[in-house]
Amino acid sequence: MSDKNLAPAAVPPEENNIMGIAPIPKLLAKFAIPSVISMLVNSIYNLVDQIFIGQGVGYLGNAATNVVFPFVTIAMAISLMISVGTAANVGLNLGGKDQDCANLTLGNGFTLALSSGIILCVIGEIFMVPLLRLFGATDTVLPYAIDYGRIYLLGTMFTSVGIMINDEIRADGNPGYSMRSMLIGAVLNCVLDPLFIFVFHWGVKGAAFATIIGQFGTLVFSLLYLKKFRTLTMKKENMRLRLSIVKSILVLGLSSFLTQCAALVMQIIMNQQTIKYGALSQYGADIPLTVFGIVNKVNGLMMSLIMGISVGSQPLFSYNYGAKLFTRVKKLAQTCLIVCVTIGFLGMLCLQIFPQQIISIFGQENDLYNEFAVMCLKNMTIFIFVMGVQMVASVYFQAVGKAMGATVLSLSRQVLFMIPCMLILPYFFGIIGLMWSFPVSDVFSVAMAAIMLSMEMRKLNRLIRVPAAQAQAE
C-alpha cells in the first residue's frame, strides 16, 4: 500500500484512536448509524423523484427514470471504485502508522474523483440518445428519458467528488459529519421536487434539476470538512497523481466498480427482456418496465439499511486488521452479520405485509398495473433478509485488502447467477420468469458468500491463536 519513497510519519498512538479500543457494539453503532442514514439518503434521491414524477407526470415518467438509471449506475461504479479504494487504503495506512501515504492517498483520490466526473458528463451528453436506446427506452418513453438524462448527467461531477470526500470523512472517524452532508442534499431534493414539478410544471426536468442541486449541496458541505480532518491532511501537492497510489486505490476499489458494472449489464438485460417478454404478456411492455424500476428502488431502499451497516464497518475492519487486532476483527464481523440479517428480516416482513400501500405511493394506476406491481414487490424481495451475509462478506474482503475475494463476491450475484437467470427463466416462464430471477440469484449468491466468509473466519482463528501461543511460550 505504501509508497516506498515515503517514510512513515508519526501518528497519534493507538490508544488515542477509538477504532482500536472502543467496545465493538458501541463502535459499530457510532459508525453504522450515520452510514445507514447516508445510504438511505442516496436511495431517497431516486425514490423521491419516482414518487413525485409518478404523481405529477405518470408511469411513463417513472419508466424514463428507470431507463436513465444505468447512467446512475455508471457514475456510481466509477465513484465507488475511487472512494472505497481510497478509504480502504487510508484505513490500512493509518492502522499501519503510515501517515504520509494516507495523506497522499487522500489527495490522489480527490483528483481521480473530480476528473472522472467531468469525463463521464461529457461522454454521456455526446452519446445520450443511442445509450438510452441501449438501456431500453421505447418510443413513448424516450422523450421523457432525454429530458431527465441530459440534466441529471450535469450532476455527475458533484456526485463523484461528494461520495469520495464522504467516505474519507468516515475513515477520519467522523461519520456524523458525513451523514449531515448527505442529509443536506436530500432535504434540498425533497423540497425542490414538488416545487419544480407541481408549481413550475417542469415535469421530469424539474425532478432532475432538484436532484443535481441536492448533490451540489452535499458537495459544498463536504468540501468544508477538508480543513477539519483529524487524522488526515489535505495538501495541494498530494493531488498530483502517483502511479503507485492510483494503482492501490483502483485495486481495492475494483470490486465495487465491477459490482456496479455487473449491475449495469443486468439493468440493460432486464430492460431489454422486459420489453421483449412484457409485450407478449397481458401487461404490455411499459407497465413491467415501470414496475421493475420501482421495485428495484424500493428494494434498494431496504438494502441501503444493510449496506449502510456494512459500509460503516469498513474503516473499522481496515484499521483493526492493519493494526493486527484480529480478535476485534472477528467480533466485528459476527456483530455485523447478526445486525444485518435481523434488519433485513424486519424489512422483508414490511414489504410482504404492505405491498399495495407501498406501490400506491408511486401513483394510482389501473388494476392491471397494481396487480403486476404487488406480485413483483412480494416475490422479488422475499429473500432480502439473507443478503446481509453477502454484503458483510464483500465489504470485509475489500476492507482488509483482499481484492480477489471481494471481486469474486461482488460479481457473484449479478454475473454468476442473476444474468443467467434473466436469460433462461423468461424463455420458459415469460415475464414471470424474469421476476423470479431475483430471489433465485439471491439464494445462490448468499450461499457462496457464507462459504467464503466461513473460510476467512477460520483463517482469523489461526491468526488469533498464534500470538496467544507465543505469549504462553514466553
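1. A residue counts as buried when its relative accessible area is under 20%, as exposed when that area is over 50%, and as partly exposed in between. In this predicted model, 59% of the 474 residues of the protein count as buried by that cut-off.

2. On overall architecture, the protein has 16 helices and zero strands. Its radius of gyration is 22 Å, close to the 23 Å that the globule rule gives for 474 residues, so the protein is as compact as a globular protein of that length. The C-alpha trace spans about 75 × 45 × 35 Å along its principal axes, and among contacts between residues at least 6 apart in sequence, 84% join residues at least 24 apart.

3. In soluble globular proteins, nonpolar side chains tend to be buried together.

4. The surroundings of V298 can be inspected directly in the model: when residues up to four places away in sequence are not counted, V298 touches L47, L351, I358, F362 and L377.

5. Helix 7 (175-199) and helix 8 (203-223) each supply at least two residues of the patch, and the largest share, five residues, comes from helix 7.

6. Where in the chain do the partners of the salt bridge between E456 and K402 lie? E456 is in helix 16 (residues 431-473), whereas K402 is in the loop between helix 14 (387-399) and helix 15 (403-429), and this pair, 54 residues apart, links distant parts of the chain. The closest N and O atoms of E456 and K402 are 2.5 Å apart. E456 is buried, because its relative accessible area of 3% falls under the 20% cut-off, while K402, at 25% relative accessibility, counts as partly exposed.

7. The count of salt bridges comes to five, and one of them joins the side chains of E125 and R150, at 3.3 Å from N to O. This pair also links distant parts of the chain, with E125 in helix 3 (residues 99-126) and R150 in helix 5 (residues 142-152), 25 residues apart. E125 counts as partly exposed at 22% relative accessibility, and R150 is likewise partly exposed, with a relative accessible area of 32%.

8. A further salt bridge is formed by D139 with R133, whose closest N and O atoms are 3.0 Å apart. D139 has a relative accessible area of 61% and is therefore exposed, whereas R133, at 37% relative accessibility, counts as partly exposed.

Definitions and conventions:
Residues are numbered from 1 along each chain as its sequence is written. This is a predicted model: local features need pLDDT of at least 70, side-chain atom pairs count only at pLDDT 80 or more; totals for chains, interfaces and linings use all residues. Side-chain values use heavy atoms; hydrogens and water are left out. Helices (H or I, at least four residues) and strands (E, at least two) are DSSP runs, numbered from the N terminus. Contact means heavy atoms within 4.5 Å. The radius of gyration is taken over C-alpha atoms; the globule rule is 2.2 Å times the number of residues to the power 0.38. Buried means under 20% relative accessible area, exposed over 50%, partly exposed in between (1.4 Å probe, protein chains only). A salt bridge is a side-chain nitrogen of Lys or Arg within 4 Å of a carboxyl oxygen of Asp or Glu.
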